[in-house]
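Student: Hello! I am new to this structure and would like to learn how to read its features. Could you show it to me and walk me through some?

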Amino acid sequence: MVQKRNLSLQPLSREHHFALLLGFKINAGIRNNIERIRIEKYTKWFYENYLLKHFKEEEEILFPILGLENSLVKKAIEEHDGLKSMMKKNDLSIEELATFAENLKNHIRFEERELFNEIQHTASVEQLKMLEEKLIPVVFIENDEDAFWAH
């Protein structure tokens, strides 16, 4: 059962929403036979402008609440590393883009359903307050230069 998201974690959950939309856009582009390079360009833009910062905040601010030896934290960091590794590659194939979208979706579901719930359950009032102060909500500004998913 998914708990109501604590106020202190809501900024990260909102960012997860936009990351899930990235997966939707990748898959829409694939379904509509959009050129691979267009999908890759948008994916890398989103990754560089939003996901990297999101991963950094989770790893440096959020995960230490459970400790870096926690099995859920270890899994999340491994998944971050896998997603980062995929984005380092140039000329991603359609299959690689689809895999990235699927891996990102599965990662977000894991964080929302398991990791964030554990953090909410474990964190002290002081730690939750610290998260509220340090996790600055991101204002997502769409890059609609090439809204390939809307075709």
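**Reading the structure together**

Tutor: Let us begin with a pair of side chains: Glu-142 forms a salt bridge with Lys-25, and their closest N and O atoms are 2.3 Å apart. The pair links distant parts of the chain, with Glu-142 in the segment after helix 5 (125-134) and Lys-25 in helix 1, 117 residues apart. Before we go on, please note that this is a predicted model, where local features need pLDDT of at least 70 and side-chain atom pairs count only at pLDDT 80 or more, while totals for chains, interfaces and linings use all residues. Residues are numbered from 1 along each chain as its sequence is written, and side-chain values use heavy atoms, with hydrogens and water left out.

Student: What is a salt bridge?

Tutor: Side chains of opposite charge can pair when their charged atoms come close. The term is used here for a side-chain nitrogen of Lys or Arg within 4 Å of a carboxyl oxygen of Asp or Glu.

Student: And what is a helix here, with its number?

Tutor: Helices are DSSP runs (H or I, at least four residues), numbered from the N terminus.

Student: Is Lys-25 buried or exposed?

Tutor: Lys-25 counts as buried because its relative accessibility is 7%. The cut-offs are these: buried means under 20% relative accessible area, exposed over 50%, and partly exposed in between (1.4 Å probe, protein chains only).

Student: How many salt bridges does the structure hold?

Tutor: There are 13 salt bridges in the structure. One of them joins the side chains of Lys-74 and Glu-69, at 3.2 Å from N to O. Lys-74 is partly exposed at 37% relative accessibility, whereas Glu-69 is exposed, with a relative accessible area of 63%. Glu-96 and Lys-89 also meet through their side chains in a salt bridge, at 3.0 Å from N to O. In that pair, Glu-96 is partly exposed at 22%, and Lys-89 is partly exposed at 37%. Salt bridges that share partners also join Arg-36, Glu-40, Lys-44 and Asp-91 into one network.

Student: How do I read two helices that pack together?

Tutor: Two packed helices are described by the angle between their axes and the distance between the axes. Axes are lines fitted to C-alpha atoms, for helices over the stretch in contact, and angles run from 0 to 180 degrees between N-to-C directions. Here, helix 3 and helix 4 pack at an angle of about 160°, with their axes 10 Å apart. Helix 3 is therefore roughly antiparallel to helix 4. Angles under 35 degrees count as roughly parallel, over 145 as roughly antiparallel, 65 to 115 as roughly perpendicular and the rest as oblique.

Student: Which way do helix 3 and helix 4 cross?

Tutor: Their crossing is left-handed, a term used if the near helix is turned anticlockwise from the far one by less than a right angle, and right-handed if clockwise. The contact (heavy atoms within 4.5 Å) includes Leu-72, Val-73 and Met-87 of helix 3, and Phe-100, Leu-104 and Leu-115 of helix 4. By class, the contact of helix 3 with helix 4 has 10 nonpolar, 4 polar and 6 charged residues. Ala, Val, Leu, Ile, Met, Phe, Trp, Tyr, Cys and Pro count as nonpolar, Asp, Glu, Lys and Arg as charged, and the others, Gly among them, as polar.

Student: At what angle do helix 2 and helix 4 cross?

Tutor: The axes of helix 2 and helix 4 cross at roughly 25° and come within 12 Å. Helix 2 is therefore roughly parallel to helix 4. Helix 2 passes helix 4 in a left-handed crossing.

Student: Where is His-54, and what does His-54 touch?

Tutor: His-54 is in helix 2 and is buried, with a relative accessible area of 3%. Not counting residues up to four places away in sequence, His-54 touches Leu-12, Glu-15, His-16 and Glu-111.

Student: What about phi?

Tutor: Most residues other than glycine have a negative phi, and most peptide bonds are trans. In this model, Asn-33 has a positive phi, near 55°. Asn-33 lies in the loop between helix 1 (10-31) and helix 2 (36-62), and counts as exposed at 68% relative accessibility. Asp-91 has a positive phi of about 55° although it is not a glycine. Asp-91 lies in the loop between helix 3 (71-88) and helix 4 (94-122).

Terms used:
Helix = DSSP H or I, 4+ residues; strand = E, 2+ residues; numbered from the N terminus.
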